[in-house]
Structures are given as C-alpha cells and as structure tokens.
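Biologist: I have a model open and would like to learn how to read its features. Could you take me through them one by one?

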Amino acid sequence: MRIAIFGLGYVGTVTGACFAMQGHKVVGVDINSEKVKAINQGKSPIIERELDDVIASGVKAGNFSGASSTKEAIAKTDMAMICVGTPSMESGAINVGHLKSVAEDIGKALKNMGRFYTIVIRSTVLPGTTEDVLIPAIEQASGKKLDKGFAVCVNPEFMREGNSLEDFYKPAKTIIGAASEREADLLKRLYSFTQAPIIVSDIKTAEFSKYLDNVFHGLKISFANEIGNIAKKSGLDPVKAMEIFCKDTVSNISPRYLKPGFAFGGSCLPKDIKALLYKAKTQDLDIPLINSILRSNDMQVDIVARDILRTGKKKIGMLGLSFKPGTDDLRESQLVRLAEILIGKGLKLKIYDKNIAMAKLVGANRKYINKEIPHISSLLCKRINEAIRDSELIILGHDTKEFKEAVKKLKKPQILMKL
C-alpha cells in the first residue's frame, strides 16, 4: 500500500517507519525541513529505542522517504495518516489548528484528483472532532463529499514513548473507527501482521477510546502514589504493599502503571485528562474523581520537593530530565517542574540526561527548552560524573541501567533519593 504520513513527531515517525518495514511505500510529510532531511538520510528525527535502525532499513529498501509538499505526497499515495500534535490550550481544550490545517491541505490536493482516497486520523482528538471539524474542512477544500471522493477513518495510537516499536508490532488492541465496512476492511488488511484483536467501531467511539485509556492510566499512577504516601506514613514499605495488591490480576485489573513513585508527565496523559475535563465542563457534568487526578499528580511533585528541602542539602544532582527514560520529550515533564521548584528555593542543581542535549534537539523539544526553560538548559551536564561529583543529594529520576550503575559509586555523606 502507498501511505502518506503527516507529522514526523513520535507517532508519525514510528508509524511510518514500521509500515515501511512491512513493505509499504511510505512518504513522511512535515513542515520542519530538518525532520524531512533526517528521514531521507536514513536517520530518526526523534530519540526512540531501535528506531534509527528501522528507519535506515526502510530508506535503504526504498520504502520510506520524506517530503515537504502535501500535493506531491497525496499524488504518490492512496492513503494519508494524519499524526500531527493536538496540544492543550490554557482552558484544557485541545488545539486542533494544525490538524485542521493539514486536513484542509489534503482536501486541496484532492480537488483535481480523479481517484478515491482514504484519510486516517491518528492524532488524539475529542469525540466529534472528526465529524464536526475535519470532515467538513476536507469537503470544503476538496469540493468532494465524504464517501464519494474520499473516506475518513479514525485509528488512535496506543504507543508508549520508549516502547513505541514494541507497542506498534504487539499492541494490546487495534481500534478502527469507520463509517463503512469497506474502509474498515482496508485498515484490517493493513494491520493483519499484528496478533492483537482488531476492534471496529463508529468514529466517535474510536476517538473516545484513547481518552478512556489515558485517563485510566493517569488514575492508576495517582492511585499508586497516594497509597504509597499513606503506606510510608504508616511505616510500611509502599512498593511491597503494591506488589501484593498487584497479585490480584482479576479484580485489580493489571500491574501496568501501578508502581508507587513519581508524578506522571509527557505529551499524552496530562493533555488528555485536561481535554476530557473540558469536555465535561461544556456538558455541565461534574466528574470530581477525574478532576482530582492532576491535582493529586502535582501534589506528588510538591511532596518530593518538600522531602528534598527537609534534608537541608543545597547542592543537588538530578539524573534524568525528560518525562520518562529513553526519550528526549520534555513536554509536561514533572522532573522539569521539580527542578524549577528547587531552583526557586535557592538550591544549586546539576542535571544530566544523555538524551537532552541542545545540539541534538529539534522541533517541539528545542522550541520548548529555548522558550519555556532556558535557565535549565544552562544546568545540563555533558557527563554523568559532573552531575554527581560535588552534589550532596542525588535524585534518581530515571530508573536506567546507566544511572543505577553510577549511583553505586556514591560516597558518604551523599544522599540518594529514588523517585
């Protein structure tokens, strides 16, 4: 199949690379010329485990290429997958501006096309967005009607950054939101290589499924942290208590995300919880439990900050800055928030994260660190020993092999704090 991928962020790059590995002809489209250039050179524009090799193989085989022209990409393909970001606005509503713009560009490219074309929405959107915003935008720009000159499906992604290739090839489920059986069958064939169940639903249900998952994941993490705080105050080992809890895989669902520790972050959970809260607000619905998740999550950062301040130590080494190991994503990183709190309290920080280097950052991450946290970039160390050597307290923000080996060499009276 010939596929155009719009948006070469985490979702788009991984999706394009993996489909190319399956033998499909994939064109990755992005307004960022550096990302397009990286793809054409067989390199990954993002940091993700094993992705460089997958992209290199796809490019070498002639199955994966980058482009900046929407018209060119549509002309060469039969299907477009839209994977652009839908960031939060101040109200919590998602910003669909980039998504709508891409939909309109695709519509313009379809205007004089004489063949049928399939458009797949892979970006995370609230229920109703595809039918109320995107389809009308495509119809107006193309002069064509849905199911006459083009079809639209929703295919939400359920990939975890740092584990996205594994999640792509071995997903728990694949959801296809389609108005017709014909388009559902097309995507079924596309995903026939997976062993997971393929679930076909209406478009709105498919849109909603992503929020169900992410809100529940956020809820599980906050639940584990609150239980962990109670256990610690009671003189119990919170990790041991939660291990016992997780033995019940029938009533307690599953152990994934149920590990007492630090606050959650990233580009998905906070954004999707905010979006669902905004959706409920527009419907005059009161959802107090979901409304408490982000407040509870923020409190977890405050608790850790207070614990650090109570030690009286002033020189702090932080190992890890991105929102989770194996990624360079700083969006909604709670380690960034923790660093800002400690800096505000007058503590001296040194930070090491091998995936966060100004010379390597591109796109949203570079823009974020330049605009939002330029003061933190000056605290980044090039080597792990620089962050540890003179620090009185070391924060183990990422549970990686590199960091665990490094902290074994700490000397008294240095203090180690695991998050």
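**Salt bridges and helix packing**

Modeller: Happy to! Let's begin with a pair: Lys271 and Asp272 join their side chains in a salt bridge, with 3.3 Å from N to O. This is a predicted model, in which local features need pLDDT of at least 70 and side-chain atom pairs count only at pLDDT 80 or more, while totals for chains, interfaces and linings use all residues. Residues are numbered from 1 along each chain as its sequence is written, and side-chain values use heavy atoms, leaving out hydrogens and water.

Biologist: What counts as a salt bridge here?

Modeller: Side chains of opposite charge can pair when their charged atoms come close. The cut-off is a side-chain nitrogen of Lys or Arg within 4 Å of a carboxyl oxygen of Asp or Glu.

Biologist: Are Lys271 and Asp272 buried or exposed?

Modeller: Both Lys271 and Asp272 are buried. Buried means under 20% relative accessible area, exposed means over 50%, and partly exposed lies in between (1.4 Å probe, protein chains only).

Biologist: Which parts does the pair Asp302 and Arg337 tie together?

Modeller: In that salt bridge, the closest N and O atoms of Asp302 and Arg337 are 3.2 Å apart. Asp302 belongs to helix H12 (residues 288-310) and Arg337 to helix H13 (residues 334-344), so the pair links parts that are 35 residues apart in sequence. Asp302 is partly exposed, at 27% relative accessible area, and Arg337 is partly exposed too, at 26%. Helices here are DSSP runs (H or I, at least four residues), as are strands (E, at least two), numbered from the N terminus.

Biologist: At what angle do H12 and H13 pack?

Modeller: The angle is about 45°, and the axes are 10 Å apart. Axes are lines fitted to C-alpha atoms, for helices over the stretch in contact, and angles run from 0 to 180 degrees between N-to-C directions. H12 and H13 are therefore oblique to each other; under 35 degrees counts as roughly parallel, over 145 as roughly antiparallel, 65 to 115 as roughly perpendicular and the rest as oblique. H12 passes H13 in a right-handed crossing. A crossing is right-handed if the near helix is turned clockwise from the far one by less than a right angle, and left-handed if anticlockwise. Val301, also in H12, is buried at 0% relative accessibility.

Biologist: How does H9 pass H11, and how does H9 pass H10?

Modeller: H9 packs with helix H11 (residues 269-282) at about 115°, their axes 9 Å apart. The two are therefore roughly perpendicular, and H9 passes H11 in a left-handed crossing. With helix H10 (residues 238-246), the angle is about 130° and the axes are 8 Å apart. That makes H9 oblique to H10, and H9 passes H10 in a right-handed crossing.

Biologist: Which residues form a nonpolar patch on the surface?

Modeller: Phe223, Ile227 and Ile230 do, with about 260 Å² of accessible area together. Ile230 sits in H9 (residues 203-233) and counts as exposed at 53% relative accessibility. Patches take residues with over 30% relative accessible area and no salt bridge, joining like charges within 9 Å and nonpolar side chains (Val, Leu, Ile, Met, Phe, Trp, Tyr) within 5 Å. The areas come from the Shrake-Rupley method with a 1.4 Å probe, and for residues only the protein chains shown count as cover.
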